[in-house]
Amino acid sequence: MTTAAGSPPGRAEALIELVGVGKTYRSGPLEVDALRGVDLRIDEGEYVAIMGPSGSGKSTLMHVLGCLDVASTGSYRLAGADVGQMDEEELAAVRNRRIGFVFQQFNLLSSMPAWRNVELPLSYAGVARAERRDRALAALARVGLAARAEHRPGELSGGQQQRVAIARALVTEPALLLADEPTGNLDSAATTDVLALLAELNALGRTVVLITHEEDVAAAASRVVRILDGEIHSDTGAGVAA
Amino acid sequence: MNWRETIRTGWDAVRSHRLRSGLTMLGILIGIAAVMLTVGLGQGAQRTVTSQINALGSNLLVVTPGSTTGANGVRGGAGSASTLTLADATALASHDVAPDVAAVAPTVQRSEALTAGTANWTTTVVGTTPEYAGVRARTVAEGRFLTTDDVTAHSPVVVLGSVTASELFGGGQAVGRTVNVAGVPMTVVGVLASAGSSAATNQDDQAILPFTTAADRIIGGSARTAVQAIYLQAASNEVLPGAYQEADAELTALHRITDPADADFTITSQQSILDTANAITGALTAVLGGIAAISLLVGGIGVMNIMLVSVTERIREIGLRKALGATPSVIRRQFLVEAGVLGLAGGVAGAILGGLAAFLLSHAIGQPIVVSVPVTIGAIVVAIAIGLVFGVYPASRAARLAPIDALRSE
């Protein structure tokens, strides 16, 4: 294991700080501990892959990191702000400004052309219409789809759709790019394509957190965190092997 | 996300499901059209009735005999007694007694057969005084109306309604001709200008005689001094209540009535007739409108149904929008606006259909249907409100969805 991409405290600003985070789901009389005492620190500019088999809790971790769900115990600071204390409206604002999501299913709205999908987060941020269009087109150009701005998702290939989704994630200039199995629905060529794009974005300073269960996808990241049974099993960055 | 933005999003959503949106709107559309039609029909009826009652004459009071009470205590219907006399009319005509009464016209009337040559026509024969023309707002088209001399001289003259004249004399000249009223020959001295007909009586089909002539020659017997109705015209609309009071007081004194409950006469004002008629047409409109409103309600439930389906179907979209930063209130607003847009579109289409149907139907049934601008605007506003009201529940369901649950659903 290498510690080359490690993050000794104090070297860079911490973007993500999880301390003793637990998440318990209650389904009827059953209580399921999806996360148990997770401590995790991710610094700005890192490219981290979170790995684990299904049911390991990696999706729950991704939801907590993405402020889509709130931890039951422990604390989560994103860019210095305590997310655990936020209400729905504030969480929505954090998702809008600080996090760009990329999903396995792309989650593009099929009734809108690509550029309008990309501008959607900006409209929730209250950006004026003309500026929104400019920024959406710039983001599409950034992912190499400037010529496809007026195409609807149905007229694009899987790889192109995922690139539109990445453009949408980038358009608000978020601190964190959170990709949940971004290549899960793509063929190998498109996978290479998307991973190259993510690596390129990271090289330009964007923090990328990638959730996957595929080793070769995780290999693209400079740090791999493995989750098993709701706990961190290994972390190449921290050099911890439990 | 500002309102314009939200409305655009709502409109896009409505447009992207054309068939479904169309069917939902249909419910609202039919409801709005039905309400507009029934309200229009009611207003049309009201307008007709009002103009008919106003045509009776202005500032009019009508004194009719009260009810009789038999020995066994059974009270007859209003007008069953013959307690009004010519003396009452004469008293009311006195300026000292009733200063606010401008004109008085006592009348007797009965249905009689009129003949002229071979023509035979049965109509209402009215015995009255020259004041009748002014009080009832009648004018003569040909010849003259009755004069005071006709009354004092018991002249055998008659003024015919326009319909009566043409029934008896065809299109020919009526003035100067002789007509037999109940077998008594009378000279036609005038023909009334048309006043139009109401549902109850045809104002253009009558024969008017001097009161005295009618009493002597047509009515006869002990009833000859009895009067069936006394028409009073108040000097102005302002003094109508005064005229009413004066007439009431004078008749109460003349008839030696101690308890007002025993009054053997009734005074009706034009306004009270109008009020009664309006109350009836108003109630009718309310009932019909109520039935139509139920269909509107059903349309609203349709909106709710479709919006709930829409929320369930677009659960992923809602999750995505939340992940991208939409707050619960933005999501709620989006679905509310969508429901409102459905209501608005249904309302506008319903108003157009209602207006068109009113136009066609009023020609088909010959009854005016009033489509007024306030009602049309009101209908559209109501349609939007229905969309919004029935959209509240689906919208808050969408707003409450947890983003992960929404994203997770396949």
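Figure 1. Among the contacts in chain A with a separation of 6 or more, 71% are accounted for by residues 24 or more positions apart. The secondary structure of this chain, in a model that is predicted throughout, comes to seven helices and eleven strands. Its radius of gyration is 18 Å, close to the 18 Å given by the globule rule for 242 residues, so chain A is as compact as a globular protein of that length. The C-alpha trace of chain A spans about 50 × 40 × 40 Å along its principal axes, and 52% of the 242 residues count as buried.

**Figure 2. An open sheet of four strands in chain A.** The strands of this sheet follow the order E2-E1-E4-E5, and their pairing is antiparallel. Strand E2 (30–43) and strand E5 (81–82) of chain A stand at the edges, and because each has a single partner strand, one side of each is left without a neighbour in the sheet. Strand E1 (residues 14–27) of chain A pairs with E2(A) in the antiparallel sense over ten bridges, and within this view A:Ala14 stands opposite A:Asp43 in E2(A). In general, the strands of a sheet pair through backbone hydrogen bonds, in either a parallel or an antiparallel sense.

**Figure 3. The surroundings of A:Ile16 and the nonpolar cores.** The largest nonpolar core holds 69 residues, of which A:Ile16 and A:Leu78 touch the most other members. When residues up to four places away in sequence are not counted, A:Ile16 touches A:Leu40, A:Arg41, A:Ile42, A:Leu65, A:Tyr76, A:Arg77, A:Leu78, A:Leu176 and A:Val209. A second, separate core is made up of 41 residues, including B:Leu61, B:Leu84, B:Ala119 and B:Leu251.

**Figure 4. The two assigned domains of chain B and a span annotated in UniProt.** The domain assignment of chain B gives domain 1 (3–52 + 276–408), which is written as two segments, and domain 2 (82–263). The centres of domain 1 of chain B and domain 2 of chain B, taken over C-alpha atoms, are separated by 56 Å. For residues 291–402 of chain B, the unreviewed UniProt entry lists "domain: ABC3 transporter permease C-terminal". This span of chain B is 88% helix and 0% strand, and the C-alpha atoms at its ends lie 41 Å apart.

Methods
Residues are numbered from 1 along each chain as its sequence is written. Chains are lettered from A and ligands numbered from 1 in the order in which they are written. This is a predicted model: local features need pLDDT of at least 70, side-chain atom pairs count only at pLDDT 80 or more; totals for chains, interfaces and linings use all residues. Side-chain values use heavy atoms; hydrogens and water are left out. UniProt positions are given in the numbering used here, feature names are shortened, and annotations may be inferred rather than shown by experiment. Helices (H or I, at least four residues) and strands (E, at least two) are DSSP runs, numbered from the N terminus. Domain bounds come from an automatic or database domain assignment. A nonpolar core is a set of buried Ala, Val, Leu, Ile, Met, Phe, Trp, Tyr and Cys residues joined through side-chain atoms within 4.5 Å. Buried means under 20% relative accessible area, exposed over 50%, partly exposed in between (1.4 Å probe, protein chains only). Contact means heavy atoms within 4.5 Å. Two strands pair if DSSP finds at least two bridges between them. The radius of gyration is taken over C-alpha atoms; the globule rule is 2.2 Å times the number of residues to the power 0.38.
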